[in-house]
Amino acid sequence: MSDTHDQVEATVYALGQPSRRTGLGGYSMKATIVGGIGAMAFLFFQLIGLTYIGLTVVLPVTAILVVLVNATISGRSIGQMLQMIFQDMNRNFKGENIYLSGPSSRIPGGQCRLPGGLARTELLTGVDALGRDFGLIYDRPRREATVLLDCQFSGQTAVTQEERNQMTANWGAWLSSLSMSGDVIAATAVVSTRPGTGQLIAKEVQSTVQSDAPWIAQQVMAEATEFLSKGVPEVDAHIALTFSVSVTDSEDTSFIDLLSTRLPALYEDLSWAGVQASPMDQAAIVARAHKFFNPASEPDFEELEVNGVDHGLTWLDAGPLHARTLRDRYVHDGVSSVTWEMADAPRSTFQDTLLGPLLVPYARVLRKRVAVVYRPFDAGVGAAKVEAEHRDALVAANSSSKVRAAMADGRVQHTDNARRSHAKGAQLGRYSLFVTATVGDDEQLRRVTHDVERLGAQANIRLRTMKRQQDAGFVVSAGLGQLPWSKPSTSSLLGD
C-alpha cells in the first residue's frame, strides 16, 4: 500500500493590465492624434506662407498638449492633475469642502442627509421571491439601483487547497455571470474591521448557556465571554450590486419586482464560493451607512441589535452632522479618514490569498475597510475589447524600440492568454481597489498611513493616497452604489 498522496498545488493567478491604445513610437493614441493635428496645422501655415507662426505658435502649443496628455504623474496625466488642482482650489475658495447638516444647516427640514453623490439617493424596500425583505438604494436621476448583501466569508476556515481552489473558481464563475445579464454596472465587495464591544459575544453565550447548568459552568462561560470580548475586532462585510434599471417615468418603480425575482439566485449561488449572503433590509443599510460616517454610534447600534430594538433612523438622517474635505484626509463627526486607491495591480503571479494582509484585522489600525470593485463588460462587448487589445499589442510590439521590446512582448503574451480564456467561457471586467482607514486622533494619521501602505506592499499592491478627492474616495469605499467612473470631474480629453 502506497503512502504517497497526490499533491494539490495552490492555483496562481495573474491580474490584468489597464486597457490602452498605442500610437506611433509607443506613445498613447491621444498623444499621436494631437501630434498629427499639430503637424497638419504646421504644414497648413507653411503652405500659406506663415511659417513663422507655425514655428512659434503651432509647434510649441502642440508639444505642450502632447506633454499634458501623454506624461503621467501618479497614474494620471498632467492635464488631469492640473484640472483637479484647479477644481480643488475653487471648491475651497467657495467653502464647498465643508458639509454641515442638521437643524443649523441649509438642508431643508434640518435633516442629516448623506453627503456627496449619496445626497440625491433614496432608499426603497422590496420583498424577494423567498420572502426576505431587502433595501434598495435608488439613484433616480441616473436610474441606478443598488442592493446590499450581508456576507460572511469563510476563506480563512480550515479547508483543503483543492476545496479553496474550487471556491475561488466558483467566485470567478459568479463574477462572469454578471456579464451575461447585461444590466449589472458593478459589484463591490466591502470588508470592514472595527473595535468590538463584546455585546454580540455575550448574547451568543447567553443564548447557548442553559439556566439549569451547573454554577461553575456558567461562571466559566461568563469569564470566557469577558476575556474574549476585550479588544476583539468585529468584521462586517457586504456586497453591493448596482443595476441599471429601465423606467417609463421618474415615478416608475416596477423594476423592484424584477429584482425581487433575480436576487435569490444571485446570493444563493455565492454559497458555492464560500460566502454566506443574505439581502440587507432597510434598517440594516441605514445602520451600516451611518456607522461609516459616525463611528461613535457603533456601540449604540450594537446594543439595539442585541436587544432586538429598531433604531428608527431613516435614510434621510443617515449622514454626518459635520464633514470637511482636506487635501489628504476626510474629517467627519470627530474622526479623520484617509482613503487610498490601487495605483498598480500586482505585476507578477499571485495566489488566492493575496489580499489576506489587507483584509484581516490589524491591531495598529482599528478601523479600516477594503473595497474591491468589479465592473463587468457585457459579453459581446468584452469579446470585441479582448480582440482589439490583442491587435493593439501586436502593433505595439512591431513598432516598439529595443528598450520597450520586452514589455511589448509581455503584453502580447498577456492579451493572447486573455483571448484563450475568453474563448473558454471567461468574461471581461475591470477591477479597482480602495482602502479607507479611520482614526480618532490626527496624530495617528502618519503611523496609520505607513501601516496601511505596508499592508498593501505585503499584498503586492501599491496604494496611492487619493489627494484632493478624499470625500469621493470615502463614499466609494463605503460600497453604497456610488462609482466615480460614471461621473468624473476631469475631462476625458486629458486622459491617457
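Guide: Let's start with a word we'll need: a residue is buried under 20% relative accessible area, exposed over 50%, and partly exposed in between (1.4 Å probe, protein chains only). This is a predicted model, where local features need pLDDT of at least 70, side-chain atom pairs count only at pLDDT 80 or more, and totals for chains, interfaces and linings use all residues. Residues are numbered from 1 along each chain as its sequence is written, and side-chain values use heavy atoms, with hydrogens and water left out.

Visitor: Where does α7 bend?

Guide: At R262, by about 35°, with a proline, P264, following within four residues. That bend is the angle between axes fitted to the seven residues ending there and the seven starting there.

Visitor: What do the buried residues of α7 pack against?

Guide: Their partners include β5 (122-127), β6 (133-139), α4 (161-181) and β10 (275-279). F255, I256, L259 and L263 are among the buried residues of α7.

Visitor: Why is something called a nonpolar core?

Guide: The name is for a set of buried Ala, Val, Leu, Ile, Met, Phe, Trp, Tyr and Cys residues joined through side-chain atoms within 4.5 Å. The largest one here has 31 residues, and L136, L149, L178, L241 and F255 have the most contacts inside it. Helix α7 gives the most to this core, with six residues. As for L178, it touches V184, A187, L241, L266, Y374 and P376, leaving aside residues up to four places away in sequence; a contact needs heavy atoms within 4.5 Å.

Visitor: Why is D333 called partly exposed?

Guide: Its relative accessibility is 22%, so D333 lands in that class. D333 sits in the loop between β12 (330-332) and β13 (335-344), and its phi is positive, near 50°.

Visitor: And what makes N460 partly exposed?

Guide: Its 35% relative accessibility does. N460 lies in the loop between α13 (445-458) and β17 (462-465).

Technical notes:
Helices (H or I, at least four residues) and strands (E, at least two) are DSSP runs, numbered from the N terminus.
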